[in-house]
Amino acid sequence: YGNVGYYEALNFIDGRNSLADIFRALEAELWSEDYSPSHRLGYEEFLNFFRLLEDAGVATLKTTPP
């Protein structure tokens with residue numbers, strides 16, 4: 001999996017997709033490419049990646065009211 005998933009995550013950032021939407025899309029992408037389960041991305045690791053993007057000024061995380 002490596003950097004491919006991180007790169008793919010950037011492709012899904014459009015201001016409309018939620019983090020959950022992006023995570024599900026990545027899971028589907030990795031599944032369709034037949035990556036083994038040991039290369040799957042955990043949700044915590046995924047969130048940490050987006051926090052890194054926010055710290056670097058690449059993305060802004062926002063919450064929406066329920």
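Of the 66 residues of the protein chain, 23% count as buried, meaning under 20% relative accessible area, with exposed set at over 50% and partly exposed in between (1.4 Å probe, protein chains only). The model is predicted: local features need pLDDT of at least 70, side-chain atom pairs count only at pLDDT 80 or more, and totals for chains, interfaces and linings use all residues. Residues are numbered from 1 along each chain as its sequence is written, and side-chain values use heavy atoms, without hydrogens and water.

The chain contains 3 helices and 0 strands, in the order α-α-α from the N terminus (DSSP runs; helices are H or I of at least four residues, strands E of at least two). F50 belongs to helix α3 (residues 43-55) and is buried, at 2% relative accessibility. The C-alpha atoms of F50 and Y6 are 9.5 Å apart, with a sequence separation of 44 residues.

Y7 is part of helix α1 (residues 2-11) and is exposed, because its relative accessible area is 55%. Together with L10, I13 and V58, Y7 forms a nonpolar surface patch of about 380 Å² accessible area. Patch residues have over 30% relative accessible area and no salt bridge, nonpolar side chains (Val, Leu, Ile, Met, Phe, Trp, Tyr) being joined within 5 Å and like charges within 9 Å; a salt bridge places a side-chain nitrogen of Lys or Arg within 4 Å of a carboxyl oxygen of Asp or Glu. Areas are from the Shrake-Rupley method with a 1.4 Å probe.
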